Amino acid sequence: MEWQEVRSLYPNQFVKLQVLKSHLQGDQEIIEEVAVIGTVSDEDATRELLQSKGNQLVYHTSHNEIVLKVRGTIGLRGKFRYAD
């Protein structure tokens, strides 16, 4: 499902997502397709995000697109991504 469709189905709320398709552009990961796992209350959004694993994330549908900053980490293997 594309992000614009998610935004129209779940207006102005947090949703937990599984990233299905994305691409890197410089230091940003542009999310193209997602699967909605479910809605998340405002009170539980931070906790749900911290418990997310792999390609899962929690994002608010007020954003026009999903763009995550990717940065290399010192002392850890792999990359770390976070929402702006």
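**View 1. Lys21 in its salt bridge with Glu32.** Lys21 counts as partly exposed because its relative accessibility is 42%, between the cut-offs of 20% and 50%. In this predicted model, the partner of Lys21 is Glu32, and the closest N and O atoms of the two are 3.7 Å apart. Lys21 belongs to strand E1 and Glu32 to strand E2, so their contact ties together parts eleven residues apart in sequence. Glu32, at 29% relative accessibility, is also partly exposed.

**View 2. The salt bridge between Glu48 and Lys16.** The closest N and O atoms of Glu48 and Lys16 are 3.1 Å apart. Glu48 sits in helix H2 (residues 45–51) and Lys16 in strand E1, so this pair ties together parts that lie 32 residues apart in sequence. Both Glu48 and Lys16 are buried.

View 3. Asp44 and Arg47 form a salt bridge through their side chains, with an N to O distance of 3.4 Å. Asp44 has a relative accessible area of 31% and is partly exposed; Arg47, at 41%, is partly exposed as well. A network of salt bridges links Asp44 and Arg47 with Lys16 and Glu48. The model has four salt bridges in total.

**View 4. The largest nonpolar core.** Eleven residues make up this core, among them Trp3, Val15, Ile31, Tyr59 and Leu68. At least two core residues come from each of helix H1 (3–9), strand E1 (14–25), strand E2 (28–40) and strand E3 (56–60). Strand E1 gives the most, with three residues.

Conventions
Residues numbered from 1 in each chain as written. Predicted model: local features only at pLDDT ≥ 70, side-chain atom pairs only at ≥ 80, totals over all residues. Heavy atoms only, no water. Core = buried A, V, L, I, M, F, W, Y, C linked by side-chain atoms within 4.5 Å. Buried < 20%, exposed > 50% of the residue type's maximum accessible area, 1.4 Å probe, protein only. Helix = DSSP H or I, 4+ residues; strand = E, 2+ residues; numbered from the N terminus.
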